[in-house]
There are 2 protein chains.
Amino acid sequence: MNETSGGAGQHDHLVLFMPSGKRGRFAAGTPVLDAARSLGVYIESVCGGRGICGRCQIQVAEGKFAKHGIESRADHLAGVTATETRYRDKRGLADDRRLSCAALIEGDLVIDVPQDVQVTSQVVRKRAESRRIPRDPLTRLAYVEIGPPDIDHPLGDTDRLIAALVTEWGYEGIVVDTALLGRVQEILRVEGFKVTAAVHESPTGPILTGLFPGFRDRLYGLAVDIGSTTIAAHVCDMMSGRTIASSGTANPQIRFGEDLMSRVSYVMMNPDGQVAMTAAVREAVNTLAERAAGQAGVALDEILEAVFVGNPIMHHLFLGIDPKELGFAPFALAVSGPLDFPAREIGLALPPSARVYTLPCIAGHVGADAAAATLAEGPHRSPETTLLVDVGTNAEIILGSELGLVAASSPTGPAFEGAEISCGQRAAPGAIERVRIDRQTLEPRIKVIGADVWSDEEGFAEAVELTGVTGVCGSGIIEAIAEMFLSGILDADGVIDGTAAEKSARVQANGRTFSYRLWEDKGLVLTVSQADVRAIQLAKAALYAGVKLLMDRQGLETVDRIKLAGAFGSYIDPVYAMVLGLVPDCDPKNIKSVGNAAGTGARMALLNRDYREEIERVVRQIEKVETATEARFQEHFVNAMAFPNKVDAFPNLARAVDLPQPKPGRDGSGPQRRRGRRNR
Amino acid sequence: MNETSGGAGQHDHLVLFMPSGKRGRFAAGTPVLDAARSLGVYIESVCGGRGICGRCQIQVAEGKFAKHGIESRADHLAGVTATETRYRDKRGLADDRRLSCAALIEGDLVIDVPQDVQVTSQVVRKRAESRRIPRDPLTRLAYVEIGPPDIDHPLGDTDRLIAALVTEWGYEGIVVDTALLGRVQEILRVEGFKVTAAVHESPTGPILTGLFPGFRDRLYGLAVDIGSTTIAAHVCDMMSGRTIASSGTANPQIRFGEDLMSRVSYVMMNPDGQVAMTAAVREAVNTLAERAAGQAGVALDEILEAVFVGNPIMHHLFLGIDPKELGFAPFALAVSGPLDFPAREIGLALPPSARVYTLPCIAGHVGADAAAATLAEGPHRSPETTLLVDVGTNAEIILGSELGLVAASSPTGPAFEGAEISCGQRAAPGAIERVRIDRQTLEPRIKVIGADVWSDEEGFAEAVELTGVTGVCGSGIIEAIAEMFLSGILDADGVIDGTAAEKSARVQANGRTFSYRLWEDKGLVLTVSQADVRAIQLAKAALYAGVKLLMDRQGLETVDRIKLAGAFGSYIDPVYAMVLGLVPDCDPKNIKSVGNAAGTGARMALLNRDYREEIERVVRQIEKVETATEARFQEHFVNAMAFPNKVDAFPNLARAVDLPQPKPGRDGSGPQRRRGRRNR
């Protein structure tokens with residue numbers, strides 16, 4: 001390992017790049033940028049070594065790196081060049097930074113590649129997400145100077161540009177997007193045949209997708225998660241990786257049907273249904289993109305790359321594909337693989353040549369959104385077994401570890417979103433989101449979206465004065481029913497116990513069943529009825545049966561981590577999820593809400609080509625389980641109706657809360673294989 | 001060479017394919033189709049060896065082929081298979097034909113690959129052009145059966161189709177045209193997941209561009225030559241290579257300007273000029289394509305490949321590119337290279353996924369039409385020196401041999417097309433196209449387009465009764481002026497000789513110059529004026545100076561062959577072209593009209609990928625000469641004003657006609673290098 005001292009060999013200096021850890025030996029005099037490229041280390045360079053862009057900054061990590069056998073010193077780079085001095089004087093460069101295009105290797109080095117080189121005065125918003133996504137985008141900027149046309153060598157201007165991109169940037173086989181052809185000559189002439197090209201390295205080879213006069217180092221991307229209910233868009237700075245604006249809007253397809261299946265029905269019943277819904281979602285995406293770009297201070301024509309995710313039906317409708325085959329078995333996707341095509345093909349308000357990427361769908365009911373969430377949460381990267389659940393009208397479920405993933409979708413219906421519940425409503429200000437019931441008096445305490453205090457705390461009346469208390473949202477109904485169970489109002493089978501009526505007037509008979517009056521506000525009475533409990537039981541049993549099916553497939557009895565994705569998952573309390581038996585037993589501290597994981601995955605695929613390759617590979621390898629045809633699904637479903645359920649033991653849950661009527665002697669037989677934990 | 005007798009080696013049978021001449025050794029039991037593919041011999045197969053399509057027919061050439069060391073016998077193929085018998089019974093197969101997918105090699109063979117396998121009842125028109133173009137199209141049909149979707153393996157239908165095209169047909173990396181995505185599921189279900197795919201092998205890899213239910217072996221292509229005046233379209237049967245319909249129409253851009261430069265001016269003066277002209281030409285092309293397809297009995301959606309050629313300005317306008325840079329030096333082309341893109345990009349009335357190919361342009365005034373003519377006439381394939389001239393508003397000139405080509409454009413102006421001539425008109429019924437003048441009496445005889453008899457023959461009056469005699473077209477004015485020169489009315493400098501007025505009243509004074517009265521008809525007097533002669537002199541001097549410049553560049557004093565392309569070239573008499581000095585001296589029998597060579601070249605590029613590669617390579621290698629900046633152009637131009645001209649000797653011309661005032665002692669000095677004749 002101690003081979004650092006300078007010999008006279010051809011490649012006598014060891015250079016280690018961080019954070020990638022890639023290393024190689026290089027001859028003295030090699031520019032650091034060239035060394036990085038030869039190792040596949042991504043260092044941005046827009047100007048191609050002209051010392052204009054300053055994006056290729058690096059930093060020498062000084063010290064003895066015994067493990068690598070490297071003594072790294074700043075003076076192992078040749079002296080600061082005139083190019084660097086000029087750049088430092090003109091645009092500023094930190095003392096410890098060098099331009100890798102100009103800095104020559106003269107000794108062993110450990111090079112830090114900063115992940116976010118701040119150069120020009122960029123618009124950076126506060127709301128940038130905390131997660132740092134390593135950048136290696138498919139679309140990059142390349143500055144070239146091609147000089148004026150030569151009458152004696154009448155190669156077309158576009159062809160000369162292509163030749164320069166091949167010679168100077170190595171974009172062998174590059175083609176020009178047809179939409180740009182008519183603009184090349186004019187753009188070339190704005191700043192004397194000096195231009196910055198945007199090149200997208202598509203699966204079929206490099207494509208010129210943008211051209212700007214002169215030198216330029218601004219480039220933006222768009223990541224969009226098209227949900228059945230909500231569409232969320234993020235504008236990312238492709239040069240820094242930062243998310244500089246995020247915006248959301250309701251999916252206007254709601255007017256064609258609240259849930260997915262009603263939209264598929266609409267398509268089946270109406271000859272122009274698909275066209276109308278496609279137009280609606282595209283229009284909404286365009287409006288949203290415009291708004292997000294406006295917030296970011298970015299023009300739409302600076303956005304040359306976009307990534308879209310969504311469930312299979314949203315995915316198909318957005319692409320203009322009739323989703324009707326997804327409405328019945330065998331739930332055949334028209335296309336499941338990833339797509340890469342120009343924005344104009346789907347009428348996006350981006351430049352016609354901007355590139356669109358859609359992540360692959362996993363199965364007929366497990367979409368590109370689930371793929372994106374998988375990419376974001378990376379169960380396949382971990383030795384621990386992770387259960388990743390995105391709850392919506394369908395629950396998309398991914399389970400597994402680095403040893404393999406299985407996926408399924410469960411037909412939970414819309415109950416978790418507050419629909420089909422007598423007192424239910426969407427999560428919005430005024431909705432009850434938290435519930436506690438006194439075990440003795442059966443009196444409730446509530447918390448409302450938009451108010452910071454509980455109903456038994458001072459200032460509650462003022463806090464809800466504007467919104468009122470209008471209904472119970474998904475997480476509220478989960479807590480209400482879980483608390484009803486914990487306080488004995490509900491039995492383990494989900495029956496509202498009439499004897500509780502003796503303890504509290506809130507429990508009242510409704511014909512042959514009982515209900516629990518949760519809240520009264522200005523004449524509005526919010527009641528949890530037996531039917532409401534049944535709706536939640538059906539939903540949670542469907543979810544749990546799907547999860548259990550996957551655990552069977554993996555030979556698992558427990559999971560190490562549970563990640564709840566999506567809006568619903570963001571608000572749900574892990575313990576209550578367990579009380580209801582929504583999820584299997586797990587240490588509550590390992591149950592996490594992961595927010596809009598699909599959106600995060602979309603941004604990852606936007607900013608780094610390796611993530612695209614990764615999720616494409618993972619999706620091909622995921623084992624798909626179709627709940628509709630699995631005999632055991634029905635069995636699990638029936639058993640999962642109880643609270644928490646009759647399928648599993650809940651030791652973690654028992655430690656976390658006092659469960660009423662604990663059931664001893666639970667069935668603990670069967671193989672306790674725990675794949676995916678070997679490497680812990 | 002005598003290695004034919006069967007050994008026991010691994011690859012013990014020598015197989016020679018004709019007409020390609022490709023040969024190789026193959027193990028016994030190899031299907032002939034596989035052997036052909038491994039050698040790159042193109043044998044069509046639509047069904048992939050299922051014995052359905054019958055397109056892969058071959059024939060054994062029996063006999064001893066001593067030169068190749070092969071004794072070829074029909075029984076060197078294993079016995080007729082059940083597949084072949086079934087095909088023969090069902091659809092018919094000539095006795096001496098075998099299906100190469102089923103026929104197994106069992107001995108040395110010479111295999112004839114028929115170039116036009118007639119299978120189904122195809123529409124074949126009489127007007128099919130005589131030239132046989134060897135076929136190896138970029139778009140091919142591939143039949144696959146993928147079976148219904150499997151609920152437990154939820155790969156998208158499109159992805160399953162792709163997998164089959166990769167596995168069964170080797171289309172690795174194939175992508176689906178976005179425009180097809182929304183239709184794949186429906187088409188797959190028409191005939192139980194049996195489909196015929198059309199796959200285009202683009203420069204960036206294979207693309208699925210068409211999909212038809214069930215088995216299909218019809219596929220058509222469109223070749224279009226967009227001239228400034230006329231647009232010509234040909235519909236070709238891609239399965240046989242035949243041209244099954246041809247149609248032409250006037251270029252509607254004429255309303256924006258008669259000649260090219262006036263159209264460029266229109267673009268420069270009118271903000272929406274380019275858009276209007278682009279729309280006009282595209283609309284005309286669509287109408288024409290529809291008409292030609294109708295004549296061929298072909299639906300537009302069966303046309304999945306189209307090739308377009310045109311001069312640089314037509315090329316740019318058709319592609320939607322502003323041609324204004326072509327209006328002034330350095331005449332910069334926006335794009336000169338070949339393009340391959342979907343038909344929808346330019347609003348063609350073909351399927352949106354149909355592929356368009358445009359041939360490369362050679363230089364700012366030497367377009368894709370000249371490239372296509374070069375491809376058709378192949379000067380680069382011949383050891384002889386060929387001069388290829390396409391005369392229009394600009395003359396596009398290609399000169400050279402297999403040792404290299406040079407190209408230039410000369411600004412001939414529109415005189416050759418009958419414009420700027422007092423008695424001129426376009427070539428149309430009623431126009432004088434042939435002229436003879438009696439050397440003694442100076443009386444003319446004429447022939448008119450649409451009439452089969454000369455004016456001094458019986459029946460002339462009746463023949464022109466309907467049309468009348470309305471003007472003189474391009475070839476007519478050439479002959480008129482040449483005959484005036486040969487009969488002494490014109491001197492070698494192009495001056496109408498006043499003394500001739502003494503011999504004939506047809507020569508009359510017009511102020512200070514004279515004119516020749518060629519014809520009178522119903523009050524219309526057609527006169528060749530001194531100004532007319534000057535206009536032709538300027539045009540022919542420009543053409544000749546361009547030719548001479550290229551001959552200089554090639555170090556040539558003479559050429560072996562002259563090919564005149566385009567409508568003008570079709571009617572011109574080689575001897576008169578020499579009398580005027582339009583072309584250099586050449587044996588008249590080696591001066592040929594080659595008709596619409598550009599259209600032929602377009603059809604070649606449509607039907608065979610090798611021709612695309614060939615012309616792309618040749619165009620890159622052509623040496624371009626810009627007449628506008630060549631000092632000697634002016635000198636040649638001045639010298640070329642005389643009849644025939646003062647630049648060259650015309651021994652062939654002198655042998656063909658009695659030239660007045662032969663000039664002895666012509667300058668014969670200078671190097672007599674004759675490149676391009678070494679191999680004769």
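Student: How many helices and strands does the secondary structure of chain A hold?

Tutor: This is a predicted model, in which local features need pLDDT of at least 70, side-chain atom pairs count only at pLDDT 80 or more, and totals for chains, interfaces and linings use all residues. Residues are numbered from 1 along each chain as its sequence is written, chains are lettered from A and ligands numbered from 1 in the order in which they are written, and side-chain values use heavy atoms, with hydrogens and water left out.

Chain A holds 18 helices and 29 strands, where helices (H or I, at least four residues) and strands (E, at least two) are DSSP runs numbered from the N terminus. The radius of gyration of chain A, 29 Å, is close to the 26 Å that the globule rule gives for 680 residues, so the chain is as compact as a globular protein of that length; the radius is taken over C-alpha atoms, and the rule is 2.2 Å times the number of residues to the power 0.38. Along the principal axes, the C-alpha atoms of chain A fill a box of roughly 95 × 65 × 55 Å.

Of the 680 residues in chain A, 61% are buried, meaning under 20% relative accessible area (1.4 Å probe, protein chains only). Among contacts in chain A with a separation of 6 or more, 67% join residues 24 or more positions apart, contact meaning heavy atoms within 4.5 Å.

Methods
Buried < 20%, exposed > 50% of the residue type's maximum accessible area, 1.4 Å probe, protein only.
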